Amino acid sequence: MDITKKFENLDDSKQQRIINAALKEFAENGYEQASTNRIVKSAGIGKGMLFYYFKSKKALYHYLTDYTLDIVKNEYLTLIDTTEPDFIERMKQASRVKAKALSDNPDTFNFLGTLLLTSEEEVSADQLKKIQELQKLGNSKIYDNIDNTLFRADIDVDKAFKLIRWSIEGYQNEISAQLAGRKMSSVDLHPYWEEFYEYLDILKTSFYK
């Protein structure tokens, strides 16, 4: 039986426990410094069982890479509505989708951050191609079918795109830092979203006709 099949035959809760433990370990320590001992301790399984499901640390890393890329595609990028021609409105909608995906899969997105900094030796050629395709999809989801005529005539639209993205990402990073360590289920996010929309209105006033 294929090693991945052995793992996927486990019940969902045990699979997720192992996946989350591994994602967290790689995200916090990177590929080289990640410890399979810490992974099995966190997941509550024997080390022999981990290598029964995955023949090596690299095989586990490859599995997590595919898992993460699938979540980014299916729970984030494909949900962005490209029929919205207003760039700021599309970024608003994309931010909502991203926030939910982050809330539902925090370890996955932390792993993604380290994955993009990992040397090419640690991922397969197919996975490198998949990463490039996702980056291309992400760009198309953000920029395709945008109505540039909404911007003021004296504005460099490409620079405006960057400034707007930097502003939104900077705000998101600031809020993430403020909420770090808190249970998201106990946080009322409504005031943060209201403040976020106020900033978007300022961006519209600054860049739009």
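Modeller: The largest pocket holds about 1500 Å³ of space, and please keep in mind throughout that this is a predicted model.

Biologist: Which elements give two or more residues to the lining of that pocket?

Modeller: Those elements are α5 (57–75), α6 (87–104), α7 (106–115), α8, α9 (157–179) and α10.

Biologist: And how many residues line the largest pocket, and which of them lie nearest its centre?

Modeller: The lining consists of 43 residues, and the ones nearest the centre of the pocket are Lys98, Ala99, Leu102, Phe109 and Gln172.

Biologist: How does the lining divide into nonpolar, polar and charged residues?

Modeller: There are 26 nonpolar residues in the lining of the largest pocket, together with 11 polar and six charged ones.

Biologist: Let's step back to the whole chain. How many helices and strands are there?

Modeller: The protein has 10 helices and zero strands, so that, going by the definition of these elements as DSSP runs numbered from the N terminus, the pattern along the sequence reads α-α-α-α-α-α-α-α-α-α. The C-alpha trace spans about 65 × 40 × 30 Å along its principal axes, and 39% of the 209 residues are buried.

Biologist: What share of the contacts joins residues at least 24 apart?

Modeller: Taking contacts between residues at least 6 apart in sequence, 71% of them join residues that are at least 24 apart.

Biologist: What does UniProt list for this chain, and where?

Modeller: An unreviewed UniProt entry places "domain: HTH tetR-type" at residues 12–72, and in the model that span is 87% helix and 0% strand, with its end C-alpha atoms 20 Å apart. The unreviewed entry also lists a "DNA-binding region" at residues 35–54, a span that is 75% helix and 0% strand and has its end C-alpha atoms 14 Å apart.

Biologist: Back to α7, then. Which of its residues are buried?

Modeller: The buried residues of α7 are Thr108, Phe109, Phe111, Leu112, Thr114 and Leu115, and they pack against α2 (12–33), α5, α6 and α8. Phe109 is also one of the residues nearest the centre of the largest pocket.

Biologist: What about Asn105, is it buried or exposed?

Modeller: Asn105 sits in the loop between α6 and α7, and it counts as buried because its relative accessible area is 10%, where the cut-off for buried is under 20%. Leaving aside neighbours within four places in sequence, Asn105 is in contact with Ile71 and Glu75.

Biologist: There's another loop asparagine, Asn145. Where is that one?

Modeller: Asn145 is in the loop between α8 and α9, and it counts as exposed because its relative accessibility is 59%, with over 50% as the cut-off for exposed. Its phi is near 65°, a positive value in a residue other than glycine. Most residues other than glycine have a negative phi.

Biologist: Now Gln127. What does its side chain join in a polar contact?

Modeller: A polar contact of 3.3 Å joins the side chain of Gln127 to that of Asp66. Gln127 belongs to helix α8 (residues 125–143) and counts as buried because its relative accessibility is 3%. Apart from neighbours within four places in sequence, Gln127 is in contact with His62, Thr65, Asp66 and Leu69.

Biologist: And Phe87, what does it touch?

Modeller: Phe87 is found in helix α6, and with 0% relative accessibility it counts as buried. Not counting residues up to four places away in sequence, Phe87 touches Ile142, Tyr143, Ile146, Phe151, Phe161, Ile164, Arg165 and Tyr208. Phe87 and Phe161 are 74 residues apart along the chain, while their C-alpha atoms are separated by 8.0 Å.

Biologist: Last one, Phe207. Which helix is it in, and what does it touch?

Modeller: Phe207 is in helix α10 (residues 190–207), and it counts as buried at 12% relative accessibility. Setting aside residues up to four places away in sequence, Phe207 touches Leu150, Phe151, Arg152, Ile155, Ala160, Leu163 and Ile164.

Technical notes
Residues numbered from 1 in each chain as written. Predicted model: local features only at pLDDT ≥ 70, side-chain atom pairs only at ≥ 80, totals over all residues. Heavy atoms only, no water. UniProt positions renumbered as here; feature names shortened; annotations may be inferred. Helix = DSSP H or I, 4+ residues; strand = E, 2+ residues; numbered from the N terminus. Buried < 20%, exposed > 50% of the residue type's maximum accessible area, 1.4 Å probe, protein only. Polar contact = N/O pair within 3.5 Å; in protein donor to acceptor, adjacent residues only side chain to side chain. Contact = heavy atoms within 4.5 Å. 1 Å grid on protein atoms, 1.4 Å probe; cavity = no way out; pocket = protein on both sides within 12 Å on 5 of 7 lines; lining within 4 Å. Points joined across faces, edges and corners; volume = space filled by probe spheres on them. Nonpolar A, V, L, I, M, F, W, Y, C, P; charged D, E, K, R; others polar.
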